[in-house]
Amino acid sequence: MAQRKKGQAQSSAVDDATGLRAATGAQVGEPAGVQAGAETAPRPGAHPRVSRCASDSDQWETVALTLQGGGALGAYQAGVYEGLFEAGIAPNWIAGISIGALNTALIAGNAPEHRVARLREFWETICQPAWSPPLPAFIEHALFNSGDAVRKSFTALQAAGAVIEGQKGFFTPRFPPPLPTAAGEPGKASYYDTTPLKATLERLCDFDRINSREIRVSVGAVNVGTGNFVYFDNSTTTLRPEHFIASGALPPGFAAVEIDGEYYWDGGLMSNTPLYEVIQTTPRRDTLAFQVDLWSARGPVPDNITDVQGRMKDIQYSSRTRMVTDMLQRSQRFRHVLREVLERVAPEHRQDRWIELADELSCSKKYNVIHLIYRHKEYEGHFKDFQFGISTMREHWTSGLQDIRASLGQPGWLDKPDNDSGFVTHDIHRDMHGHG
């Protein structure tokens with residue numbers, strides 16, 4: 001409650017700054033009329049929305065933000081968080097995988113009033129080439145906003161640039177590149193070096209704040225030696241930059257990260273959504289979860305090899321979210337119905353061991369999952385998860401901000417469900433347009 005109110009005063013400033021940059025294509029680091037974090041007059045109509053949304057979310061014991069992996073698409077998540085911030089909704093649990101873990105570190109590792117600015121600084125940093133100077137803003141803006149053919153070619157070149165030289169403050173190619181069969185250290189068995197990312201996180205995140213447990217933080221990774229999926233959680237572990245980098249260490253591009261003698265890879269190899277971790281945790285709590293996905297299960301049937309690769313990624317990384325959500329909804333329905341049946345059992349039968357077991361398995365808690373799913377743009381190819389162009393990043397950010405604003409504007413979407421399962425899902429694209 002306190003941190004939510006503390007952040008409201010500056011939400012309009014960061015919102016206006018992002019919107020102006022997105023609209024004008026302002027150069028990285030350019031103030032675009034306001035400096036990050038500077039106080040300006042509130043936008044007309046902002047406070048009524050903040051008041052209503054904050055009040056609606058107060059009825060929940062857990063307000064969770066769960067962030068999927070998806071590389072360069074992760075700017076969409078930053079836009080979603082900005083929308084939550086301006087609405088006065090402060091998650092008390094953030095769980096992320098891969099790029100979602102990095103966004104988690106930036107949010108949890110900063111004071112509420114600085115989070116949007118730090119997210120912007122991070123994304124405007126890593127969306128620059130690692131070594132060569134970025135294009136002048138007006139050229140970048142002109143090429144990106146040209147016809148479809150020019151835009152596709154331009155974004156493809158930017159993706160190629162990421163492969164060739166890496167991204168500033170994120171990763172750089174290893175020189176010489178590793179030989180396929182040459183043995184060496186597991187921490188260097190990759191095509192790229194993420195040492196710059198550690199320095200970026202240390203500069204932009206306060207890990208003492210992360211470990212203060214002001215917000216519960218969970219990031220998923222895979223133990224390379226055992227093949228087991230694990231969550232690093234600040235309720236049980238002192239989190240360091242390595243935990244967040246490990247969550248995004250997707251091989252063979254990025255090397256396994258050593259933590260306490262074990263090596264870890266990107267959690268997306270096994271499960272790209274942290275929703276299951278949040279919903280299944282015990283003891284169970286009334287939970288409002290904002291699940292932010294970067295891959296859409298639905299999309300056009302590809303008619304060429306290039307689009308086949310992109311569509312394959314969509315299905316591979318999004319299907320687990322659908323499966324997890326459906327499974328959680330079914331299991332919660334069983335628990336909820338069981339609880340309702342037990343309420344009708346006569347007191348004299350309460351000591352029966354089967355009744356006691358049923359009581360342990362039942363659950364009266366309620367869950368509301370609001371899906372925010374990035375929608376594929378026509379110009380994007382199979383390289384969209386490593387196409388770090390600054391204009392593309394701003395468009396992703398704006399898409400996330402628009403989607404969360406539209407979602408929060410729907411009456412009753414933050415309410416507890418009143419159905420036989422105690423579980424409800426919302427998706428602005430599905431519910432407003434009839435498809436998911």
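Biologist: Which residues does Ser362 touch, leaving out those up to four places away in sequence?
Modeller: Ser362 touches Arg335, Leu338, Arg339 and Leu342. Keep in mind that this is a predicted model.

Biologist: What does the side chain of Ser362 make a polar contact with?
Modeller: The side chain of Arg339. The pair sits at 2.7 Å.

Biologist: And where does Ser362 lie?
Modeller: In the loop between helix H14 (353-361) and strand S10 (367-373).

Biologist: Buried or exposed?
Modeller: Ser362 counts as buried, because its relative accessibility is 10% and the cut-off for buried is under 20%.

Biologist: Switching to the core. Which residues touch the most other members of the largest nonpolar core?
Modeller: Leu65, Trp123, Phe244, Phe290 and Phe388. That core holds 69 residues.

Biologist: Take Leu65. What does Leu65 touch, not counting residues up to four places away in sequence?
Modeller: Tyr81, Leu84, Pro91, Trp93, Ile94, Ala95, Ile107, Phe290 and Val292.

Biologist: How do the lining residues of the largest pocket divide?
Modeller: Into 20 nonpolar, nine polar and three charged.

Biologist: And the second largest pocket, how much space lies in it?
Modeller: About 450 Å³. The elements giving two or more residues to its lining are H8 and H13.

Biologist: Which of the elements gives the most to that lining?
Modeller: H13, with five residues. H13 also gives the most to the lining of the largest pocket.

Biologist: Which residues lie nearest the centre of the second largest pocket?
Modeller: Asp307, His376, Lys377, Glu378 and Glu380. They belong to a lining of 23 residues.

Biologist: How does that lining divide into nonpolar, polar and charged?
Modeller: The second largest pocket has six nonpolar, seven polar and 10 charged residues in its lining. For the largest pocket, the counts were 20 nonpolar, nine polar and three charged.

Note on methods: Residues numbered from 1 in each chain as written. Predicted model: local features only at pLDDT ≥ 70, side-chain atom pairs only at ≥ 80, totals over all residues. Heavy atoms only, no water. Core = buried A, V, L, I, M, F, W, Y, C linked by side-chain atoms within 4.5 Å. Buried < 20%, exposed > 50% of the residue type's maximum accessible area, 1.4 Å probe, protein only. Contact = heavy atoms within 4.5 Å. Helix = DSSP H or I, 4+ residues; strand = E, 2+ residues; numbered from the N terminus. Nonpolar A, V, L, I, M, F, W, Y, C, P; charged D, E, K, R; others polar. 1 Å grid on protein atoms, 1.4 Å probe; cavity = no way out; pocket = protein on both sides within 12 Å on 5 of 7 lines; lining within 4 Å. Points joined across faces, edges and corners; volume = space filled by probe spheres on them. Polar contact = N/O pair within 3.5 Å; in protein donor to acceptor, adjacent residues only side chain to side chain.
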